[in-house]
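Good morning, and thank you for joining this meeting. I shall present one structure, and I ask you to keep it in view while I speak.

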Amino acid sequence: MAASATPVAAHGAGGAARYAALGDSYTSGPFIPRQVDVGCARSDHNYPSLVAARLRATTFKDVSCGGATTENMWKPQGANGPQLDAVNRDSDLVTVQIGGNDIGFGSIIATCAQVAAQDPTGDPCRRHYGTSGVDELTVTIARTAPKIARVLWAVHERAPRARVLLVGYPDLLPDDGSGCAPSVPFAAGDFPYLRDTGRRLNLMLRLVARWNRAEYVDTYGPTVGHDMCTSPAVRWIEPLQPASPAAPAHPNAKGEQAMAGAVWQRLTHGRGGGR
């Protein structure tokens with residue numbers, strides 16, 4: 001069942017879209033000029049702002065906030081109120097990008113960088129998260145799925161006629177599993193492990209979208225070849241020491257443009273079922 005009976009003005013010319021954007025720092029665009037909400041590290045050149053401009057949205061509420069988890073859909077985050085407050089019966093487009101902080105993106109990166117010195121050519125991070133005999137990150141991703149589903153159902157409840165897009169995460173590391181230490185300080189064997197973890201997260205989001213009447217937006221595929229291991233002129237994801245305005249291990253302005261393009265592609269060429 002499609003999330004909306006009436007298409008959002010997705011073909012661009014003078015649309016009447018009432019658009020709400022929910023999400024974490026991958027949505028908000030920390031340090032990307034121009035920052036319009038310092039507390040939430042929100043840029044006016046993040047992908048929701050770019051999509052809203054292209055839609056010529058009549059109403060645009062971007063409540064994305066750095067550090068947000070699924071809990072912040074219902075609970076305030078500093079001066080930022082519950083993100084779901086931006087969604088109402090008049091909303092006809094809602095994008096959601098959440099889950100990275102629920103699985104602990106920041107702590108995973110810090111841990112993998114810390115243990116790399118133990119075995120630079122091996123996979124100490126994978127071993128760290130697998131000490132129980134089961135990969136802890138795989139379990140955490142699975143446990144995050146119902147949290148994402150709850151968010152989508154809450155959006156549908158508040159905006160029953162809205163088109164709802166669940167936005168995946170971009171490609172952070174080389175898709176071929178190669179590494180680039182020391183600029184990205186992980187052990188050689190942990191690059192494919194972390195790549196696969198990112199893929200699992202996106203697969204979970206794709207499936208949850210399909211099961212909960214939302215449309216999945218693939219931002220991984222369009223960003224392959226522009227990961228944090230590529231050169232400054234090529235990359236759309238900044239490494240742990242950014243060369244362009246962006247948070248470490250986050251999209252830069254070009255990355256936000258790429259995600260905007262993926263959302264726009266979904267709006268204009270596909271709808272329904274999370275396919």
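**Backbone, helices and a cavity**

Phe-31 is exposed, because its relative accessible area is 56%, where exposed means over 50%, buried under 20% and partly exposed in between, computed with a 1.4 Å probe on protein chains only. Helices (H or I, at least four residues) and strands (E, at least two) are DSSP runs, numbered from the N terminus.

Before I continue, please note that this is a predicted model, in which local features need pLDDT of at least 70 and side-chain atom pairs count only at pLDDT 80 or more, while totals for chains, interfaces and linings use all residues. Residues are numbered from 1 along each chain as its sequence is written, and side-chain values use heavy atoms, with hydrogens and water left out.

The loop between H1 and E2 also holds Arg-34, which a cis peptide bond joins to Pro-33, with omega about 0 degrees. A cis peptide bond also joins Ala-181 and Pro-182, with omega about 10 degrees; Pro-182 is in the loop between E6 and H7. Ala-41, in the loop between E2 and strand E3, is not a glycine either, yet has a positive phi of about 50 degrees. Is Ala-41 buried or exposed? It counts as buried, because its relative accessibility is 18%.

Let us turn to helix H7. Its 22 residues should span 32 Å at 1.5 Å a residue, and its end C-alpha atoms are 31 Å apart, which agrees; the expected span is 1.5 Å times one less than the number of residues. Among the buried residues of H7 are Phe-191, Leu-194, Leu-201 and Leu-205. Just after the helix, Arg-213 takes a positive phi of about 55 degrees.

A search of the whole structure finds 1 cavity of 30 Å³ or more, and about 270 Å³ of space lies in the largest cavity. On a 1 Å grid over the protein atoms alone, a cavity is a set of points where a 1.4 Å probe fits but cannot get out, and lining residues have an atom within 4 Å of a point. Of the 21 lining residues, Phe-105, Leu-172, Leu-173, Leu-194 and Gly-198 lie nearest the centre. Which element gives the most to this lining? H7 does, with 7 residues.

Next, consider Ile-237, in the loop between helix H8 and helix H9. This residue counts as buried, because its relative accessibility is 1%. It touches, among others, Leu-172, Asp-227 and Asn-252, not counting residues up to four places away in sequence; contact means heavy atoms within 4.5 Å. The C-alpha atoms of Ile-237 and Asp-227, 10 residues apart along the chain, are separated by 5.3 Å.

Finally, H9 has 17 residues and reaches 24 Å from its first C-alpha to its last, close to the 24 Å expected at 1.5 Å a residue. At its start, a side-chain oxygen of Asn-252 reaches to within 3.0 Å of the backbone nitrogen of Lys-254. Thr-268 lies in H9 and is one of its buried residues. The side chain of Thr-268 reaches the backbone oxygen of Gln-265 at 3.4 Å.

Methods:
1 Å grid on protein atoms, 1.4 Å probe; cavity = no way out; pocket = protein on both sides within 12 Å on 5 of 7 lines; lining within 4 Å. Points joined across faces, edges and corners; volume = space filled by probe spheres on them. Polar contact = N/O pair within 3.5 Å; in protein donor to acceptor, adjacent residues only side chain to side chain.
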